[in-house]
Amino acid sequence: MFRWGVLTSLGVVLGYLTVLLANARHFYTDDTESQYTGLWIGLGESLRKGEFPVLVPERWMSGNNTMDDAGLFNPPQLLIDLLAPSVDNMALYATVVKLIFAIIAALGVYRICLAYGAKPWWSAVAGVAFPLSGFFLFFDQASWMTALTGTAWLVHAWASAVRYVRGQSGPIPVFVFLYLTISTQYIFPAVEAVLMLAAVAVGELLYQRKWRNLPKLVAVSGCAGLAGLLTFLPSILSAKVTWRGTSAVINDQFLTIPWSESLNASLPSTLPAFTSWWGYVQPLPVTYIAWFLIPALAFIDWDRARESWRELSAVALFVGMVLMWSAGPGTIGPLRWPVRLLPMLAIGLLVLVCVLVSRYGTLSSLRTRGIAAGVLIAALWLRSFSADPHNFIRHLLAVLLVAALVAAAVWLGRNRGVAAVCALTIAAMFPIAFWQVEAAQPTPMSYNYPTNRSEAKAAFPDFPGNTIQLAERGLVQSADKSLDGAYASLVFGNYAKSLDLSYVNGYTPTGHFYFGELLCMRWDSSVCPDAYRRLFAPEESTGRPLVDLMKLDRVVLQRALFTDVRDKSAPAGWKWADYPGHEKYILVLERENGPISTENGRVADIDAGTATSISETATTSRVRVTAPDGGRVVFARLGWPGYRATLDGRPLPISVVAKSFVAVDVPAGTNGHELVVTWRPPGWKIGVASALAGLAGVGLLQWMYLRERRREEREPERAARDVG
């Protein structure tokens with residue numbers, strides 16, 4: 001089995017090399033280049049300084065790392081972060097990291113198949129096929145990194161759960177893989193893990209016909225959930241101030257998948273029809289799973305396969321739940337876009353088909369089975385043609401290819417054996433993947449960010465201090481998306497982190513609603529044309545503009561968004577600064593008297609008296625306050641839930657200015673007292689306590705497991721003594 005696991009890993013490597021031949025940037029696109037690599041660098045720089053980066057106040061909306069996909073409590077992710085600043089070529093780094101997780105995911109699928117009784121060679125087929133399945137290849141691996149990592153750990157949790165319930169392994173692997181799934185800090189894998197565990201529990205109850213082992217699975221799952229609670233508790237308790245603060249269930253049909261699109265699963269040319277960013281007919285084969293998946297159904301002895309329905313019921317149940325969800329509703333609270341479930345469908349169907357073919361594959365009654373395979377292939381063509389009638393020839397060629405591969409597999413099965421069939425099945429995946437990726441060029445998802453950090457930093461202006469950019473990403477023309485164009489002057493998403501610059505701008509899928517409204521700032525940090533006026537308009541209660549309350553040193557304006565602003569005089573206290581070579585894309589405002597971000601900590605305003613900074617960290621501001629008649633101190637900190645304040649040790653309430661800026665009202669008689677404002681992730685004490693409880697619980701389960709094993713090992717000895 002180890003040998004076939006190694007071959008599975010080699011198959012994934014070959015698959016990656018094939019994809020890279022078609023598009024060298026395939027694994028460095030969309031959110032990977034705009035969100036994740038910059039995030040890794042920013043987190044890694046903090047870790048190297050000895051700081052645990054739960055909060056970076058100067059990032060404002062994207063600075064609360066307990067809210068987004070940072071994976072702060074996931075050890076493998078922290079290692080990725082720690083290494084990231086040492087790598088110059090981020091495309092190379094992202095590709096290597098993703099290759100490692102693709103191998104982990106493939107081996108997880110391989111293990112699931114083995115757990116359900118498949119032979120190692122068919123298990124390897126499923127393992128290699130999964131990373132090359134449509135949605136997982138074109139979205140999770142190309143773009144959505146946390147979906148990739150969460151899925152990679154989830155499949156191992158599945159395999160370990162089956163083994164644990166069947167008494168073949170202990171609770172620790174289940175606990176570890178479930179914790180790693182949860183702590184990726186991406187909600188979909190966590191919810192998918194719950195569905196998987198429910199399916200395994202029901203399936204094993206049907207298979208074993210006894211309840212005895214199910215409480216153990218529930219217990220270890222609960223322990224993992226307790227350990228991972230800290231991952232999501234801060235975002236749950238902060239949801240009321242975010243864009244995702246709704247519990248609504250909405251069926252808007254955006255990125256929901258009709259069940260009929262599952263009939264595209266084995267036609268490489270498929271371009272499914274559902275509503276997305278690119279209209280109705282998709283430019284990517286996201287519903288494709290594997291060329292052999294549907295035709296293989298014709299070569300299963302279904303009369304014999306019925307005997308395993310109880311054993312495989314968990315897989316079928318999981319597939320059914322995923323199909324139900326993928327068809328809608330489109331939004332369930334923070335869970336949106338059911339298309340994200342397609343990798344789960346791929347896993348379930350690959351496991352189900354490969355286990356059945358492995359155990360019940362047959363070439364008897366070959367004529368009848370050949371006709372059945374032909375009908376299934378025709379159905380593939382009919383569904384794909386119906387969804388995308390403009391590519392008639394493309395779909396016809398794909399049908400001929402699949403038919404030829406099926407015929408070749410049948411011939412090999414009759415003359416060379418099962419191993420040769422599996423070898424052909426895997427080998428055919430690579431040219432298909434090349435064709436699919438090459439046909440999708442140019443990819444509609446790429447930002448085309450520079451890959452080398454050193455080159456990007458050399459081309460970009462040296463902007464010390466704290467900067468905000470007011471720009472709209474949609475105004476950047478395709479021809480300007482390069483280091484010779486806009487990317488030498490403008491940042492979007494987390495690009496500024498890759499440049500080691502302190503920008504307000506960042507990528508945030510769960511942004512602060514009220515701050516976003518103040519500057520009409522979106523998830524990628526793009527803004528509306530009114531943002532410039534809003535930034536310099538006096539805030540009602542303090543009379544100070546947002547640019548002062550945020551303690552910003554510089555404002556970068558996109559020329560394409562603010563076409564006539566340079567004709568006007570600079571705001572009071574500001575001047576237009578020249579940066580030769582960058583005038584085509586940006587205009588720059590800087591303070592006349594130099595940066596203020598380094599003056600007086602993060603104290604932004606006090607309406608009466610004085611407030612002098614004593615010390616500052618990312619999470620704590622210590623200030624000496626004198627306000628004989630009382631007063632309000634406003635800080636350049638975004639008002640996330642979790643802030644606490646004390647005055648000489650006595651608690652004071654926290655308030656927010658403009659629903660965004662942390663403020664503290666100090667009482668009359670304050671004279672040289674120490675005001676301490678501290679932020680901690682909401683619910684962190686509960687999270688730490690629950691994590692300790694989870695660890696204690698799994699320790700107890702492991703002790704019970706070892707005691708039971710020792711008792712089982714002693715039973716033969718005891719029986720022998722009784723006979724003697």
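A residue is called buried when its relative accessible area is under 20%, exposed when over 50%, and partly exposed in between (1.4 Å probe, protein chains only). Helices (H or I, at least four residues) and strands (E, at least two) are DSSP runs, numbered from the N terminus.

This is a predicted model, in which local features need pLDDT of at least 70, side-chain atom pairs count only at pLDDT 80 or more, and totals for chains, interfaces and linings use all residues. Residues are numbered from 1 along each chain as its sequence is written, and side-chain values use heavy atoms, with hydrogens and water left out.

**Stop 1: helix H11**

Select residues 229-238, which make up helix H11. Seven of its ten residues are buried, so the helix is largely enclosed by the rest of the structure. To see them, pick Leu-230, Thr-231, Phe-232, Leu-233, Pro-234, Ser-235 and Ser-238.

**Stop 2: an open sheet**

Next, show strands S1, S4 and S5, which form an open sheet in the order S1-S4-S5 with antiparallel pairing. Two strands count as paired if DSSP finds at least two bridges between them. The edges are S1 (249-250) and S5 (335-336), each of which pairs on one side only. Select S4 (residues 331-332): its antiparallel pairing with S5 runs over two bridges. Which residue of S5 is the bridge partner of Ile-332? The partner is Leu-335.

**Stop 3: salt bridges**

Side chains of opposite charge can pair when their charged atoms come close. A salt bridge here is a side-chain nitrogen of Lys or Arg within 4 Å of a carboxyl oxygen of Asp or Glu. How many salt bridges does a search of the whole structure find? The search finds 21.

Start with Arg-25 and Glu-33, whose side chains meet at 2.8 Å, N to O. Glu-33 is buried, at a relative accessible area of 2%.

Then select Arg-453 and Asp-500, which form a salt bridge at 3.1 Å, N to O. This pair links distant parts of the chain, 47 residues apart: Arg-453 is in helix H18 (residues 453-459), and Asp-500 is in the loop between helix H19 (495-498) and strand S7 (502-503). Arg-453 is buried at 7%, whereas Asp-500 is partly exposed at 41%.

Move on to Asp-548 and Arg-544, where the closest N and O atoms of the salt bridge are 3.8 Å apart. Asp-548 is buried at 15% relative accessibility, while Arg-544 is partly exposed at 27%.

Finally, select Glu-58, Arg-602, Glu-616 and Arg-637 together; salt bridges link them in a network.

**Stop 4: two surface patches**

Patches are made of residues with over 30% relative accessible area and no salt bridge; like charges are joined within 9 Å, and nonpolar side chains (Val, Leu, Ile, Met, Phe, Trp, Tyr) within 5 Å. Accessible areas come from the Shrake-Rupley method with a 1.4 Å probe, and for residues only the protein chains shown count as cover.

Leu-396 belongs to helix H16 (residues 392-415) and is partly exposed at 33%.

For a patch of positive charge on the surface, select Arg-707, Arg-710, Arg-711 and Arg-714. Lys and Arg count as positive and Asp and Glu as negative, while His and the chain ends are not counted. The place of a charge is taken as NZ of Lys, CZ of Arg, CG of Asp or CD of Glu. Arg-714 lies in helix H23 (residues 684-723) and is partly exposed, with a relative accessible area of 41%.
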